[in-house]
Amino acid sequence: MAVSTKPYIGTRDFFPEDTAFRNWMFGVQRDVCRRYSYEEYAAPIVEPLESYLAKSSEEIVSEQMYRFKDRGDREVAIRPELTPTLARMVASRAQSLPRPIRWFNIGNFMRYERPGRGRLREFYQLNVDLLGSAHAAADVEILMLALDVLRGYGAGPEHFEVRFSDRRLLGAAFPDRSEEALRSLSRLVDKRDKLKAEEFDDLLAAELKSPGERAELEALFSWSIDDLGGRSAELDPVAENLAFIQSQLTAHGYQDSVRFDPGIVRGFDYYTGFVFEIYDRDPENRRALFGGGRYDRLVGLFGKEDIPAVGFGMGDVTLENFIRAHDLVPKDLAQPEGVFVALMSDDLREDTLRVGLQLRAAGLPTELSLEATRKFGRQLEQAAKKNRRFVVILGESELAAGQVTVKDLVRGEQESVPGDGLIAYLKRAAGG
Ligand code: HAM
């Protein structure tokens, strides 16, 4: 029996057309990150297991991690996310890196999930992080950058919504709870939209001590930023931060895309304050497009010093669903391009190769026919199938007269061009 051609469950093969689409998606992200002066970095796809054990997401660590012992008996994980790796890298050079550190990465990650709409086992994420500033201005910058990535695809407030909050609200609403009990409650609240209402209610009843606490939680979900001030000494700085974020976004024209939502808590234990998620307004695409927030105590786990940090991760699977659902794929993504040089007979092989090399040296993407055929139609067909824009034909009689024929497959025109003017002709025609 033949070996299966299917990739491993929940992963994708990227054929050239898929890769072209992906490169375009990543290109927009790189462009926006550069405009904000973020530097690109990279990291290994495997990481010592301990990087995740202290403070990641319990669900990821206990259920979704690809983990194994290597041949040297070391506990290793294929990275399910980048934030612990980033914290480790920054901690390793905490003294020498100029701050604030503004870094981004586009990479692949693996989580052992049940594959479905918006969820795979291997996915890509854009990670953007700002470390070294505890000011809410850093939160605003990260959020604006995230919004500008979506704007880069031509999306607007009619397509998506950012919901933001602060993790400390839950602690302020339940001041008597231990940190561990609060974490457990946060995880449950994080799953609220993913669970059936009755299931959530049952779990909540087990988590909360009294019906009074349930009422308190419901009240928290209905708070507005204005309701937060003057309630308690712990809550005041949180309210101030949130009001600052809201006012900055409003002052600079981002207000229609954002909404304060106290139900946003995020599932990772390392988040310490501001948190946000971005959702498609299309109800079919229910998974978050991005998620992020502030994690001021993660770097400290890897070194001596805490470094305040904020950032987000944006997945390619939900993003692609979003882009396609809203018809935001640019029409010119798969335009014919480049030159196909036909080989009309074996006697012309050397001349054909010489011309091909000249075109390549001039920077024109050029594909050479490897097999000779006098059937011109077949060569045109081949060039069209490969999505080339021009076909260059060297015929014996034309070569003798110093001419070549160029067919433009987009315009459907054919012209005889002097051999020494071919490069200039093609460059001009490709530009027009
Ligand atoms: P996260 O919410 O786990 O956050 O992931 C961020 C985004 O990655 C999600 O909104 C989703 O688009 C995508 N994603 C996650 N898991 C999958 C999956 N199985 N299949 C497809 N897409 C997926 C983090 O990973 C944080 N480390 C983000 C962060 C960076 N926080 C601060 N800096």
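The model is predicted, so local features are taken only where pLDDT is at least 70 and side-chain atom pairs only at pLDDT 80 or more, whereas totals for chains, interfaces and linings use all residues. Residues are numbered from 1 along each chain as its sequence is written, and side-chain values use heavy atoms, with hydrogens and water left out. The protein chain is divided into domain 1 (16–167 + 223–325) and domain 2 (339–431), with bounds that come from an automatic or database domain assignment. The centres of domain 1 and domain 2, taken over C-alpha atoms, are separated by 49 Å.

**The ligand and its surroundings**

- There are 26 residues around the ligand, and Glu81, Thr83, Leu120, Asp129 and Tyr271 come nearest; a residue is near a molecule if one of its heavy atoms lies within 4 Å of it.
- By class, the shell around the ligand holds 11 nonpolar, nine polar and six charged residues, where Ala, Val, Leu, Ile, Met, Phe, Trp, Tyr, Cys and Pro count as nonpolar, Asp, Glu, Lys and Arg as charged, and the others, Gly among them, as polar.
- Oxygen atoms of the ligand lie 3.0 Å from a polar side-chain atom of Arg111, 3.0 Å from a polar side-chain atom of Thr318 and 3.1 Å from a polar backbone atom of Leu289.
- The protein covers 97% of the 650 Å² of accessible area that the ligand has on its own, with areas taken from the Shrake-Rupley method and a 1.4 Å probe, and with only the protein chains shown counting as cover for residues.
- Two or more residues of the shell around the ligand come from each of strand 6 (122–131), strand 10 (288–294), strand 11 (309–315) and helix 12 (316–325); helices (H or I, at least four residues) and strands (E, at least two) are DSSP runs, numbered from the N terminus.

**Helix 5**

- Helix 5 (residues 136–152) has 17 residues and should span 24 Å at 1.5 Å a residue, which agrees with the 24 Å between its end C-alpha atoms; the expected span is 1.5 Å times one less than the number of residues.
- Helix 5 is mostly covered, with 14 of its 17 residues buried; buried means under 20% relative accessible area, exposed over 50%, and partly exposed in between (1.4 Å probe, protein chains only).
- Just after helix 5, Gly154 takes a positive phi of about 85°.

**Backbone geometry in the loops**

- Most residues other than glycine have a negative phi, and most peptide bonds are trans.
- Arg99 and Pro100 are joined by a cis peptide bond with omega of about -5°, and Pro100 lies in the loop between helix 4 (83–92) and strand 5 (101–110).
- Arg266, although not a glycine, has a positive phi of about 70°; Arg266 belongs to the loop between strand 8 (258–260) and strand 9, and it counts as buried because its relative accessibility is 11%.
- Asp327 is another residue other than glycine with a positive phi, near 55°; Asp327 is found in the loop between helix 12 and strand 12, and its relative accessible area of 57% makes it exposed.

**Other loop residues and contacts across the sequence**

- Asn285 lies in the loop between strand 9 (274–280) and strand 10, where it is buried, with a relative accessible area of 2%.
- The side chain of Asn285 makes a polar contact of 2.8 Å with the side chain of Asp280; a polar contact is a pair of N or O atoms within 3.5 Å, and within protein one must be able to donate a hydrogen and the other to accept it, while residues adjacent in sequence count only if both atoms are side-chain atoms.
- Gly338, in the loop between helix 12 and strand 12 (339–342), counts as buried at 14% relative accessibility.
- Ile9 is placed in the segment before helix 1 (16–35) and is partly exposed at 45% relative accessibility; Ile9 and Leu120 are 111 residues apart in sequence, with 8.4 Å between their C-alpha atoms.
- Phe302, in the loop between strand 10 and strand 11, is partly exposed at 29% relative accessibility; its C-alpha atom is 8.4 Å from that of Ser51, 251 residues away in sequence.
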